[in-house]
Amino acid sequence: MTIAVARDVDQAPATPLIEVRGLVKHFYAPGGRIVHAVEDVDLTIGRGRIVGLVGESGSGKTTVGRTLLRLIEPTGGRMSFDGTDVFALSAREMRQWRRRMQIIFQDPFSSLNPRLTIRAIIAEALDTRGYAKGRARLDRTVELLELVGLSADHASRYPHEFSGGQRQRIGIARALAVEPDFIVADEPVSALDVSIQAQVLNLMEDLRRRLGLTMLFISHDLSVIAYACDEIVVMYLGRVMERGSSRDVRIAPLHPYSQALIAAAPVPDPSRRRVHVPLGGDIPSPIAPPSGCVFRTRCPKALPACAETVPPLTDVGQGRFVACLRVGAGGVSL
Amino acid sequence: MTPAAAPSASSQPDVLPEGILLRVDGLKTHFGTGNRTAKAVDGVTFSLPRGRTVAVVGESGSGKSVTSLSIMGLIAPPGRIAGGRILHRDREGRVRDLARLTNADFRHIRGPEIAMIFQEPMTSLNPLMTVGEQIGEMIALHERISRGDLRRRVVELLKKVEIPAAESRADDYPHQMSGGMRQRAMIAMALACTPQLLIADEPTTALDVTIQAQILELMRRLQADMGMSMLFITHNLGVVAEIAHEVVVMYAGRVVEQAPAETLFGRPSHPYTRALLASTPDPDRDIAADGSRRPLAAIPGFVPSITNLPPGCAFAPRCPLAAQACRESPPELTTVAPGHVARCIRMEAA
């Protein structure tokens, strides 16, 4: 498989495909307590771009992905998709829009119906909008399988006959069946072995280039995100801590949490072995998040002022945004 | 299988070179019988030096977990040890073949000699007992001790694994602890009888990366302080680089390479090890200064089924260097350099 080597050369077009403002999602725990899963998240994804959402468990990254597709309903905020306010659509209107937005799930074992052949699984997706019928439907199924590196022979088999990597390819083919503009990929390679993970990452990059897909790529694995995405959004306990180009965030993270996350990621090179633990303590409960900056309880640079107000995600120049009182204009440490 | 790869148990005396705590020698652990025999471990050989951390790395189906369960005597029917030896030196210096021990014998091995921790502490801890009771139970099983002393020992152990407010956390139930704290409690329990060898099977895989860093640091410190040996099972090469002195790479039930960590990452010999390293995303290597990136060197195909292994080298169908001879009979482990072995006849071709 050949893949374009030049990346980041295409400038973000004037109107981004996805614009999310002030996204909020609360769940309700027993006793009327509120789980603050997502708080005030802004997100912009340009056409043909891949934005990576990275964070640890409880950061709200999966909830953001599902809320954008309205697989779960948002508590608040707006989302413009190609100029339309998707959160304001009725359930019926939403069904039409879903064709344009699809999701790839983490677990290729539980996301495919074990009783259907691969042909039936893909046909089901094609049928949703009367996309193709009869002979055309079969041709399209084969075309989709070939697009993801499988063949026509595979169409009559069942999911259990495939390995994890092949199943993830089937999940991708199903998502592509309705020719979406936007795909949420929720930990698409996390359940795969490393040798298979590379195959799927290469396939996703190839598809993005050939089909001009726009993607939100969710992962806990920073090296996967840094490799696959143009931009990185770092989340912690429901909020965005930092946002910037993949290269900037990876090489020169500004937020203390991004710095810790990058320092904590193990690198396959013993000569670069870490000398100290970057971050102590545990992630607090989203039922009772800390006041002010949610990261302050674990932050090595926290000040008393950090408990007072929630630091806004601030433009510090050169396309970088940071939510930290200790980071000033130009990324200068305060 | 070639006879040389798996010497029969009776033909050799149970001897271990000085400085070696454990030697797995031609181990075969099979499940089922006849045509459907799953050869999960099929001729695994490696040594674990005293006071060192050896990481066993492999993808799913490589046999790494079954190897560790075989060492602990935890293989239940339809699984069985079908061949090979597991030579172990106990505290008294006595060398025994763990593959031939009875369950009753194992009671003196598990705990004081070899302890094990697993990936998901929630499923290995009893949800109905406090963490302190469970650690205490482990100690009381192996020695006579008063209640007061037992409590002191438990709190001491919890402090050793850096659980804050150890006195009160001893009375917590597992569900009251976070994933990281539960794994610390599991480690405390494993260390209760000061084992000579700690086997850790994917101990940080279920944890977030910042918590993983804490647990790895703790395990590294405990290993060094106690002079313990550690067998660390993982699929994550980054974690291997963080923790291991030596690395054993497994593929489809066999060891394909063993080397000191610096050698394995710096000068890998086996084509599978090389391919595994090349396919792991490393942004420093894969992304150039101008932001352009190279496609990942994915390994084509997939891991063969252990019920239907190819007759030759199991990696041959995916190997860029494979020759006809590779497909005919499985290669032997050969010495590349002192302390560095690999199972490949085409290493020179790279």
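View 1. D90(B) counts as buried because its relative accessibility is 4%, where buried means under 20% relative accessible area, exposed means over 50%, and partly exposed lies in between (1.4 Å probe, protein chains only). This is a predicted model, in which local features need pLDDT of at least 70 and side-chain atom pairs count only at pLDDT 80 or more, while totals for chains, interfaces and linings use all residues; side-chain values use heavy atoms, with hydrogens and water left out. Residues are numbered from 1 along each chain as its sequence is written, and chains are lettered from A and ligands numbered from 1 in the order in which they are written. D90(B) forms a salt bridge with R94(B), with the closest N and O atoms 3.1 Å apart. A salt bridge here is a side-chain nitrogen of Lys or Arg within 4 Å of a carboxyl oxygen of Asp or Glu. R94(B) counts as partly exposed, at 45% relative accessibility.

**View 2. A salt bridge between two helices of chain B.** The side chains of R220(B) and E242(B) meet in a salt bridge, at 3.4 Å from N to O. E242(B) lies in helix α9 (residues 237-243) and R220(B) in helix α8 (residues 209-226) of chain B, so the pair ties together parts that are 22 residues apart in sequence. Helices (H or I, at least four residues) and strands (E, at least two) are DSSP runs, numbered from the N terminus. E242(B) is buried, with a relative accessible area of 3%, and R220(B) counts as buried at 18%. Elsewhere, D14(B), D25(B), R85(B), D97(B) and R100(B) are joined into one network by salt bridges that share partners.

View 3. Over all chains, the whole structure holds 35 salt bridges. One of them joins E231(A) and R49(A), whose closest N and O atoms are 3.5 Å apart. E231(A) is in strand β9 of chain A and R49(A) is in the loop between β2 and β3 of chain A, 182 residues apart. Both E231(A) and R49(A) are buried.

**View 4. Strand β3 of chain A and the strands beside it.** In strand β3 (residues 50-54) of chain A, 5 of the 5 residues are buried. I50(A), G52(A) and V54(A) are on one side of β3(A), V51(A) and L53(A) are on the other, and all are buried. β3(A) pairs with strand β8 (residues 214-219) of chain A in the parallel sense, over 5 bridges; two strands pair if DSSP finds at least two bridges between them. Strand β9 (residues 231-236) of chain A also runs parallel to β3(A), joined to β3(A) by 4 bridges. V54(A) has S219(A) as its bridge partner in β8(A) and stands opposite V234(A) in β9(A).

View 5. Four strands of chain A form an open antiparallel sheet in the order β2-β1-β4-β5. Each of β2 (33-45) and β5 (84-85) of chain A stands at an edge with a single partner strand, so one side of each is left without a neighbour in the sheet. Strand β1 (residues 18-29) of chain A and β2(A) run antiparallel and are joined by 9 bridges; V20(A) has L43(A) as its bridge partner in β2(A). Helix α1 (residues 61-68) of chain A lies across β1, β2 and β4 (76-81) of chain A, at about 115° to β1(A). Axes are lines fitted to C-alpha atoms, for helices over the stretch in contact, and angles run from 0 to 180 degrees between N-to-C directions.

View 6. A nonpolar core is a set of buried Ala, Val, Leu, Ile, Met, Phe, Trp, Tyr and Cys residues joined through side-chain atoms within 4.5 Å. The largest core has 70 residues, and those touching the most other members are I135(B), L158(B), I187(B), M219(B), F232(B) and V247(B). Helix α7 (residues 179-191) of chain B gives the largest share of this core, 8 residues. At least three residues come from each of domain 1 (19-113 + 197-285) and domain 2 (116-194) of chain B, with bounds from an automatic or database domain assignment. The centres of these two domains, taken over C-alpha atoms, are 24 Å apart. Their contact (heavy atoms within 4.5 Å) takes 26 residues from domain 1 of chain B and 19 residues from domain 2 of chain B.
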